[in-house]
Amino acid sequence: MLLSPVAMHIPDGFLSTLVSLVLWAATAIVVGYALKRVSKDLGERQVPLMGVLAAAIFAGQMLNFSVAGGTSGHLMGAALATILLGPWAAILVLTTVVGVQALIFQDGGLLAMGANIFNMAIVGVAVSYTVYRSVQKLSGGRKWGVFTGGFAAAWLSIFIAALGVALQLAASGVSPANIAIPAMGGIHALIGIGEGLITLGALAFLYATRRDLLHIGEPAPARGGLVWAAGLLIALLLAVASPLASVFPDGLEWVAGEQGFLEAAKSPLYQVIPDYVFPGISNTTLATIIAGIVGALIVFGVALTVAYLRRNRQTTG
Amino acid sequence: MHIHFLDPYRPRVSPIHQLDPRVKLSLTLVFILTAALSPIGAWPVYILLFSLALSIVLLSALGVGYVLKRASLAFPFVLAALPVIFTIPGAALVSLPVGAWRLTATAPGVERFVSVALKSWLSVQMAIVLAASTPFPDLLLAMRALRIPRLLVALFALMWRYLFVLADEALRLIRARAARSGQSDLPGMRSGGSVAWRGRVAGGMAGNLFLRAFERSDRIYMAMVSRGYDGEIRSLPLPAIGQSSWLTLAGGLAILGLILGLGLIF
Amino acid sequence: MHHSIEIEHLSFAYPDGHPALRDVTLRIAPCEKAALVGPNGAGKSTLMLHLNGILSGKGVIRVSGMELNPQNLGRVRSQVGLVFQSPDDQLFSPTVFDDVAFGPLYQGCPPDEVRARVDEALAAVHMSEYARRVSHHLSVGEKKRIAIATVLSMKPELLVLDEPTAGLDPRARRSLIRLLDELPLTMLVSTHDMLLVRELFPRTIIMDEGSIVADGPTAELMSNTALLEAHGLEMP
Ligand SMILES: Nc1ncnc2c1ncn2[C@@H]1O[C@H](COP(=O)(O)OP(=O)(O)OP(=O)(O)O)[C@@H](O)[C@H]1O
Ligand SMILES: [Mg+2]
């Protein structure tokens with residue numbers, strides 16, 4: 001299970017609130033800008049195209065193939081979407097995919113959705129774009145450029161996005177950096193090969209049937225340079241930051257330790273009510289647990305009463 | 001061939017199903033936020049949140065078994081948090097010899113791991129209730145009410161509509177592949193080909209799927225244009241939120257606020 | 001008194017150079033119901049896409065007396081209700097209601113009018129209770145009916161249907177035929193279903209290789225075995 005791209009969809013509960021909210025904010029800004037770009041630069045034809053391609057990426061994830069040792073190659077689709085649609089539309093398509101996966105299949109959390117969109121839609125697309133565009137430039141639009149570029153973009157987008165996930169988990173204090181980063185990185189270096197092979201196969205098919213869809217040799221899209229630079233920066237940053245973080249995990253531990261404002265707020269309150277106890281019970285831990293159970297019983301009682309009343313009404317009515 | 005299993009919506013008659021989708025989505029998000037904000041090891045808070053979640057599951061008439069079973073599917077990710085049991089310093093609980101190493105589980109480590117797993121489990125339960133008790137079109141409406149940009153909501157709608165159509169197409173491709181994946185009896189013939197070859201076959205199928213998606217989007221575009229589509233996304237105004245829905249929202253926020261307050265005190 | 005459709009000397013080639021329409025001239029009177037038949041690749045669908053300005057070839061097209069040009073494209077599109085062959089392409093919204101409301105919404109109708117039109121269109125295809133349903137859970141026959149409702153809600157003068165009975169079982173086909181019979185609109189319907197043609201359409205137009213090769217009363221053309229055979233058609 002851990003070897004499927006599920007490991008890329010962070011559920012709720014793992015990221016600290018601070019990390020979740022910061023990534024939500026970053027995601028909102030980038031996706032908002034992508035929406036503006038797409039409305040401005042692309043025709044109205046793109047709307048149904050983006051919607052149906054999002055569905056195709058989802059359906060494409062059903063086409064897994066066995067790699068080795070019970071693991072299977074899947075499709076994240078960031079590289080393929082970037083090659084077919086350009087970076088801005090690809091960001092929106094992947095955002096839609098990640099959003100629907102979370103809302104319908106609980107594949108990734110809701111509060112964590114900002115982070116998941118950030119990793120797959122923003123990091124995935126930007127890195128794909130930088131790699132693919134660079135290889136295209138080097139190859140002068142020749143055939144090998146399409147395929148090498150596609151494979152490399154797919155592999156690196158998975159690898160870098162996985163490093164992002166690992167860093168976020170470490171910064172949230174739920175997984176030590178010196179274990180999470182090599183583990184996530186190592187596993188996804190393998191998964192990335194599956195992504196690369198599927199992307200390659202899809203590109204080969206489209207190259208043979210509808211070469212026009214690959215936009216070979218077309219000029220860069222509006223603000224493509226921005227995405228290129230962002231992709232390069234993200235890739236370098238994560239590639240450099242991750243080994244550093246796993247060698248010196250203290251920085252991230254510090255972030256993880258300091259982030260919970262409730263934890264911070266907790267201690268002064270402890271001092272305000274230092275001996276908060278239930279009457280007759282002197283053990284604080286025991287008291288808190290008893291308080292919790294009493295509260296739970298109250299909530300439960302209400303729910304059961306409502307359910308009971310409803311059932312009675314249905315049987316009598 | 002018709003894919004139904006993709007739609008998590010389970011129609012029931014329940015107060016949770018009848019709740020305004022905007023209120024439901026907002027409260028789900030606040031519940032998850034509350035779980036996220038509660039500190040590590042805040043057991044009373046977790047118990048309260050759990051009883052709240054369980055109450056909601058009961059009220060939703062979805063079946064406790066169904067929700068818990070689905071919730072456990074989201075569980076493998078906890079493996080990612082497993083190492084903290086051993087890496088957070090503190091009082092040792094148990095010590096396991098692993099080869100030349102000793103893995104020592106610490107009390108704060110276990111506390112953190114269990115807390116994370118619990119928070120995650122509670123959050124996913126609420127997300128499941130939301131998805132199973134709300135038809136997706138109603139969720140789209142709720143997204144609009146939460147000020148998600150129209151174009152994005154339109155993309156969600158299109159993706160959801162064609163999810164089923166394209167998943168059907170993918171299934172047909174998979175069956176076609178399975179129908180032709182024979183095994184040879186000849187000695188020395190290994191069936192299945194190399195990984196690279198299998199990857200390329202899957203990739204070819206994905207390419208096929210994408211090509212069909214392109215062609216379909218052309219036809220959809222024509223159908224939209226012939227009914228007046230001009231690139232702008234239009235929709236009917238949102239219906240007003242009823243008074244009882246406002247009350248439910250206020251009540252839900254009050255309960256969650258209270259629970260969060262408890263998290264501060266304990 | 002103008003015609004519902006007037007097409008004069010229309011020719012069209014696809015971008016790949018393939019000529020799909022050659023000098024087509026055609027008139028259809030208000031409330032006339034005409035069938036468009038011909039072998040695969042004859043150009044039927046291509047012709048229908050022209051009536052709505054989605055494709056534009058060389059020649060003149062007038063709908064209800066209005067010449068089709070970029071200025072009045074919107075008005076022409078509300079006059080011509082074009083129903084595509086695959087209902088999965090026609091029904092692109094999550095719910096039946098959203099799909100039927102799409103046309104009126106883009107015509108600029110106020111919200112109450114939109115709702116009234118949806119009710120009316122769904123009632124006309126006998127699917128009133130389907131408004132809240134989700135499109136992908138419908139049967140093919142139900143989808144076809146809803147697809148027709150999606151254009152009826154725009155109150156068109158003319159209904160253009162591409163292969164409406166393809167893929168329907170006998171019962172769904174029968175009920176669709178009854179529906180088409182009771183709708184009081186001008187109709188141009190492309191089909192391979194010769195029984196449908198004989199039953200419903202007083203007039204038949206035969207196309208082959210992009211041209212109209214015969215146009216006249218259905219009974220007369222149906223008895224001309226040589227003509228039918230020459231264009232890959234069979235007498236029902
Ligand atoms: N998008 C396209 N690009 C190029 N050629 C096309 C395209 N669509 C159709 N054609 C060609 O135009 C011709 C007319 O096609 P059209 O779809 O109008 O035929 P039809 O009469 O509707 O056939 P059928 O009965 O199979 O639906 C055919 O030869 C077809 O191959
Ligand atoms: Mg046709």
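Buried here means under 20% relative accessible area, and the model it's applied to is a predicted one.

Q: What makes H9(B) largely enclosed by the rest of the structure?
A: Of its 31 residues, 22 are buried, so the helix counts as largely enclosed.

Q: How do you know that the end-to-end span of helix H9 of chain B agrees with its number of residues?
A: Residues 195-225 make 31 residues, which at 1.5 Å a residue should span 45 Å. The end C-alpha atoms sit 44 Å apart, so the two agree.

Q: Why is Gln101(A) called buried?
A: Its relative accessibility is 3%, and the cut-off is under 20%, so buried it is. This residue lies in helix H4 (residues 87-105) of chain A. Leaving aside residues up to four places away in sequence, Gln101(A) touches His9(A), Phe58(A), Gln61(A), Gln106(A) and Asp107(A).

Q: Why is the pair Asp218(B) and Arg45(A) called a salt bridge?
A: The closest N and O atoms are 3.2 Å apart; the limit is 4 Å, so the pair qualifies. Across the interface of chain B and chain A, the rule finds 1 salt bridge, along with 8 residue pairs in polar contact.

Q: Which helix gives the largest share of the side of chain B that touches chain A?
A: That's H9(B), with 23 residues. By class, this side of chain B has 70 nonpolar, 16 polar and 9 charged residues.

Q: How much area is buried between chain B and chain A?
A: About 8,400 Å², with carbon and sulfur atoms giving 80%. In chain B, Phe77(B), Met159(B) and Phe210(B) lose the most area to chain A, together 10% of what that side buries.

Definitions and conventions. Residues are numbered from 1 along each chain as its sequence is written. Chains are lettered from A and ligands numbered from 1 in the order in which they are written. This is a predicted model: local features need pLDDT of at least 70, side-chain atom pairs count only at pLDDT 80 or more; totals for chains, interfaces and linings use all residues. Side-chain values use heavy atoms; hydrogens and water are left out. Helices (H or I, at least four residues) and strands (E, at least two) are DSSP runs, numbered from the N terminus. The expected span of a helix is 1.5 Å times one less than its number of residues. Buried means under 20% relative accessible area, exposed over 50%, partly exposed in between (1.4 Å probe, protein chains only). Contact means heavy atoms within 4.5 Å. Buried area is the accessible area (1.4 Å probe) that two parts lose on being put together, summed over both. A salt bridge is a side-chain nitrogen of Lys or Arg within 4 Å of a carboxyl oxygen of Asp or Glu. A polar contact is a pair of N or O atoms within 3.5 Å; within protein, one must be able to donate a hydrogen and the other to accept it, and residues adjacent in sequence count only if both atoms are side-chain atoms. Ala, Val, Leu, Ile, Met, Phe, Trp, Tyr, Cys and Pro count as nonpolar, Asp, Glu, Lys and Arg as charged, and the others, Gly among them, as polar.
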